[in-house]
Amino acid sequence: MDEAAGEETVEGSREERPKRVRRGPGPFTLLVLPGLVALVGVAGFLAYNGDLADAWPQGGGPDPTATTDVDAAYIPWLRKAVADCTVVKPSVLAAQIDRLSGWNNDAGALSGEKGIAAFTDAGWKKWGKDDDGNGRSSPHDPADALMALGRQDCSLAEKVTDLRTEGVVTGDLVDLTLAAYASGTDAVVKAGRVPGDAEAYITEVKSLSSRYEAVDRESSGGAVNQVPGAVLAGPVGDLTVTSPYGSREHPLTGVTKLHTGVDFASPQGAQVSAASKGQVVFAAMTKAYGNRVVIDHGTIDGKRLQTTYSHLLALQVSVGQAVDAGTPVGLVGSTGLSTGPHLHFEVILDGYYTDPLPWLSPST
């Protein structure tokens, strides 16, 4: 059976950019937050006195994405975007997105800036690519946008590093890179350091980056088979392939593009299970994939491993839930853009789709 895999997924000088006005505190901050603070205070007091022993869930440690205010699916892309750049950390990249758009894909629509990284058409033409392999390059595709901003930042970092080595400019490389982004490389060269009009931007981005520091740390929690050549358990009992990984003509749209996973023939209502230990980071209905589950399995050889399960008839897990290999996650169905009951199964390694079949146990 076939389905609509891949329909949903992660500039030079900025001198022309109008200054973005940051909005003041909203109703949540003014009305709800004080009450939450008071509630947490009371809970803390009760816990201290032994009256709230079971009030908070006792997990195996904090979720490394819990304090980042960023979709867990974006984290591998944040890391990959600056993987070859020693100057810019993922947390800095995330802070820039926060500063530019607040992770809102339409925040800059009125000013002609598009997507979470607020690219202009000219900027996207220079830096944008189809990094997630879904057949289109778009600033509204978060994965493409993160990679494009990373390319731009890393290019600027390389330039200011050379300039500092040559004695043309002086200062911290992160500050110089952000200054080049905000004011342009020429302005940095002219000043010989961070120009005054870039200081506010740098201060704000570096302040915001502290909330994303967890993104810089590779989590080893829940890692699957931490040796090369590790395998996954089959997500369904019958691994009969009806559509393999690779380029194909979509059966419904007629568009030739990458089929990002593999389709297994399974009857309606058949059990779908987690391929390995991990944590559910997505479990909801989507337009193309129908009912979809995404599980983060931690890292293998330093690379983030995720598996996805799509077109499900029903969901049996929720976001944040810890699972083991074999844990029921849903039932085979045909929701979303699908031609009949089957499981669309994907393996995502460090943000990139890869053929799932080599990962599956030979015994299955």
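Author: Phe 264, Tyr 309 and Phe 345 form one aromatic cluster. This is a predicted model, where local features need pLDDT of at least 70, side-chain atom pairs count only at pLDDT 80 or more, and totals for chains, interfaces and linings use all residues. Residues are numbered from 1 along each chain as its sequence is written, and side-chain values use heavy atoms, with hydrogens and water left out.

Reader: How is the pair of Tyr 309 and Phe 345 classed: stacked, edge-to-face or tilted?
Author: Rings of Phe, Tyr and Trp (its six-membered ring) pair if their centres lie within 6.5 Å; planes under 30 degrees apart count as stacked, over 60 as edge-to-face and the rest as tilted. Here the centres are 5.4 Å apart and the planes stand at 55 degrees. The class of Tyr 309 and Phe 345 is tilted.

Reader: Why is the pair of Phe 119 and Trp 124 put in its class?
Author: The ring centres of Phe 119 and Trp 124 are 5.4 Å apart. Their planes meet at 70 degrees, so the pair is edge-to-face.

Reader: Are Phe 119 and Trp 124 buried or exposed?
Author: Buried means under 20% relative accessible area, exposed over 50%, partly exposed in between (1.4 Å probe, protein chains only). By that rule, both Phe 119 and Trp 124 are buried.
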